[in-house]
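Work through the exercises below with the sequence and the coordinates at hand. Each task is followed by a solution in steps.

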Amino acid sequence: MTERQKKIWNLLLDRDFLTAGQIGELLHISDRTVRNEIKEINEELKKEVIQSKKGQGFSIGDKESFGRPAISAQVEETENLEWEVVRSVLFDEDLTYLELADELYVSDTLLTKIVSRVNRRMVRRYGAGTIKKQNSRLVLELGEEEKRNYYGVYVITRNLNQYFEPERFQTYFQYVKIKWFRDILMEEQRGKDTAFYDTTIVRLLVGMAVMAERMAAGCFVETLPGECGGLKEPETAQRNFLSEDPSVRRIVDKIGNLLGIKPPEGEYRYFSGLFRNDFYHMEGLEQIVAAQFLDKILVEIHVEYGFDFSRDPEFCKEMMAQLIGTLRRAKNSQYVVNPMLYRIKAQYPLEYDIAIFFADRFNRLAGCAIGEDEVGLIAIHFIRAMETNMMRQEKKVALVNPFGKQVKELIKKRLEEMGECRIQISHTYSIFDLPRFFPKDILAVLTTVPLPENPEDVPVILCRNFLDYHEKEKLLTAVREDQVTSVRTYFKNLFRPSLFFSDMEFDSREQAIEFMCGKLLEQGYVEEGFFESVMQREAIAPTAFEAGFAFAHAMENTAKGTAICTCLLKNKLAWGEYNVRILFLFALSPTWNHRVIPVYNVMIDNLMKAGAVRRLSHIETCQEFVKMLL
């Protein structure tokens with residue numbers, strides 16, 4: 001079982017019944033994910049051990065026959081060791097490398113691996129510095145404010161799956177309690193017209209705890225020359241913010257009182273930046289600059305992807321505010337953590353890819369590199385715009401209806417509320433004048449009465465209740481089956497034996513990408529410069545997934561032909577934060593922007609299943625691989 005499946009199992013062992021919704025709320029996952037995980041648990045155990053009962057939920061049939069699978073002790077121990085290493089670097093700089101290894105009862109080799117793992121993850125999330133071995137010590141060459149940012153990002157990223165459970169963060173703090181700061185924030189919010197987002201509250205809780213922990217250890221942000229009352233004179237906007245919002249000074253004073261110390265004035269300046277991380281407003285010249293950048297980038301997105309987001313005024317307004325916040329966070333070395341990032345990458349590959357393209361173009365124009373978490377926030381704007389206005393698929397149906405215009409209009413209205421796709425009635429027929437063959441471009445035939453004879457090549461959906469909930473489900477099933485048929489056709493075009501390699505070994509991500517780019521170049525799918533474009537895309541955000549696979553591709557879809565180069569690895573390869581066993585390198589021509597998304601979705605869904613990567617990584621032929629992947 002995966003770690004999440006073990007958590008579901010343990011929850012069901014403790015209760016007689018739990019619904020999918022209740023389990024989802026406890027683990028912060030969707031009902032659908034819960035059902036899929038339970039299905040995989042039963043498949044792994046080769047019997048329906050977890051059973052569902054209508055009106056009550058899920059339960060384990062015979063609890064006494066099964067043990068409680070503990071969350072991996074090895075994983076937990078490794079995480080504890082990792083935190084001890086990070087804490088020693090942050091708080092005990094006098095400890096030598098060998099002394100630290102002895103204190104943690106680990107070998108030099110294991111300590112080196114732990115440091116390497118921390119650096120890989122933190123470079124991705126917080127690129128300001130890495131832990132280095134220097135003069136027999138582990139050091140983090142950062143200033144006090146940067147160390148605090150590093151500390152905060154580390155704590156949050158270790159707990160993304162329990163992001164909204166602040167008590168989970170307590171293990172990372174020795175001198176202070178998270179509860180103190182929750183009480184302070186709740187008191188500050190009380191009686192105010194505006195309230196913080198929950199994501200902001202969690203970030204502030206961790207930021208305040210980090211600030212207090214560092215001050216309790218004697219590490220302060222000192223007053224800078226030219227500061228007065230906690231303010232640095234040139235920073236007019238920051239000075240105005242501090243004077244206009246007394247919350248900043250009150251909160252810092254309360255933290256000082258809890259610790260029994262008087263914070264230096266530099267701490268007020270530091271906290272004002274932390275406090276403002278999510279609060280920016282468009283004003284004057286900044287709004288004009290943001291609008292100019294946005295206009296230029298949206299033109300390029302229209303050319304590259306075929307979607308014209310400039311027609312959506314709400315999207316443009318919200319995106320400009322996002323860009324101003326991004327610029328100011330970059331200027332002030334502020335960080336943002338996005339707990340939805342992994343879900344966005346897995347479930348919205350097209351929107352995330354557009355956000356990556358956006359980040360690249362924005363960096364070229366503004367000289368501002370956007371981190372992966374911020375890219376995820378930008379992707380949410382595209383997800384909203386796509387689903388609101390332009391991305392729902394258009395499908396055609398034929399309607400057989402002897403009951404007149406009003407029934408047709410009723411069904412037409414109900415088709416507009418499908419949500420998952422946009423369906424239009426392209427042909428209407430009388431029961432007395434049915435065609436011998438229905439049009440080939442329709443998805444299904446909707447009929448309000450039984451047909452004398454059903455066509456063989458298109459599904460017929462009887463709508464006695466003028467397309468009620470159950471009849472809609474039948475139509476959506478037809479939509480999904482049509483997508484699967486399309487995906488199978490696409491797969492035949494994408495996967496080729498000449499670009500399939502098993503039992504491969506590489507020393508680095510760069511070496512693997514260079515090999516696959518070379519094979520695509522040899523066979524005429526790409527041109528010179530493709531490798532550089534792929535590495536440019538990887539530099540913004542690694543394309544690896546936690547399950548153990550990577551979806552590499554170039555920054556632009558400019559390949560001469562469309563294909564996927566696949567490498568199955570003999571051993572795991574470090575790829576960004578994760579280790580991977582299966583590599584996919586997509587070469588996409590401009591005409592494949594829309595058609596590749598269903599392929600992405602099917603591949604990701606199937607690769608995410610428990611044990612899928614392990615099983616697929618041992619296959620030797622392209623034909624067998626594609627068959628199992630589908």
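The model is predicted, so local features need pLDDT of at least 70 and side-chain atom pairs count only at pLDDT 80 or more, while totals for chains, interfaces and linings use all residues. Residues are numbered from 1 along each chain as its sequence is written, and side-chain values use heavy atoms, with hydrogens and water left out.

**Exercise 1. Composition**

Task: State how many helices and strands the protein has, and what percentage of its residues count as buried.

Solution. Helices (H or I, at least four residues) and strands (E, at least two) are taken as DSSP runs, numbered from the N terminus. The protein has 24 helices and 15 strands. Buried means under 20% relative accessible area, exposed means over 50%, and partly exposed lies in between (1.4 Å probe, protein chains only). Of the 630 residues, 50% count as buried. A contact requires heavy atoms within 4.5 Å. Among contacts with a separation of 6 or more, 70% come from residues 24 or more positions apart.

**Exercise 2. The five-stranded sheet**

Task: Give the strand order of the open sheet of 5 strands, and find which strands stand at its edges.

Solution. Two strands pair if DSSP finds at least two bridges between them. The order is β11-β14-β15-β13-β12, with mixed pairing. β11 (495-504) and β12 (544-545) each have a single partner strand, so one side of each is left without a neighbour in the sheet. At the β12 end, β12 and β13 pair in the antiparallel sense over 2 bridges. The bridge partner of F545 in β13 is F549.

**Exercise 3. Two hairpins**

Task: For the hairpin of β1 and β2 and the hairpin of β3 and β4, find which turn residue has a positive phi.

Solution. 
- Strand β1 (residues 50-53) and strand β2 (residues 57-60) run antiparallel and are joined by 4 bridges. Q51 has S59 as its bridge partner in β2. There are 3 residues between the strands, and G55 in the turn has a positive phi of about 85°.
- Strand β3 (residues 131-134) pairs with strand β4 (residues 137-140) in the antiparallel sense, again over 4 bridges. Q134 stands opposite R137 in β4. With 2 residues between the strands, N135 takes a positive phi near 50°.

**Exercise 4. Aromatic pairs**

Task: Classify the ring pair of Y305 and F357 and the ring pair of F551 and F584.

Solution. Rings of Phe, Tyr and Trp (its six-membered ring) pair if their centres lie within 6.5 Å; planes under 30 degrees apart count as stacked, over 60 as edge-to-face and the rest as tilted. A search of the whole structure finds 30 such pairs. For Y305 and F357, the centres are 5.6 Å apart with 85° between the planes, and the pair is edge-to-face. Y305 lies in helix α13 (residues 284-305) and F357 in helix α16 (residues 349-366), so the pair ties together parts that are 52 residues apart in sequence. Both Y305 and F357 are buried.

For F551 and F584, the ring centres are 5.3 Å apart and the planes stand at 85°, so this pair is edge-to-face. F551 belongs to strand β13 (residues 549-553) and F584 to strand β15 (residues 578-587), 33 residues apart. F551 is buried at 5% relative accessible area, and F584 is buried at 1%. F551 and F584 are also in one aromatic cluster, whose members include F495, F545 and F549.

**Exercise 5. Nonpolar cores**

Task: Identify which residues touch the most other members of the largest nonpolar core.

Solution. A nonpolar core is a set of buried Ala, Val, Leu, Ile, Met, Phe, Trp, Tyr and Cys residues joined through side-chain atoms within 4.5 Å. In soluble globular proteins, nonpolar side chains tend to be buried together. The largest core here has 67 residues, and F495, F584 and M603 touch the most other members. α16 gives the most to this core, with 9 residues. Leaving out residues up to four places away in sequence, M603 touches F491, F495, F551, I564, F584, F586 and L629. A second, separate core of 62 residues includes L81, V106, I131 and Y172.

**Exercise 6. Cysteines**

Solution. C517 is buried, with 5% relative accessibility.
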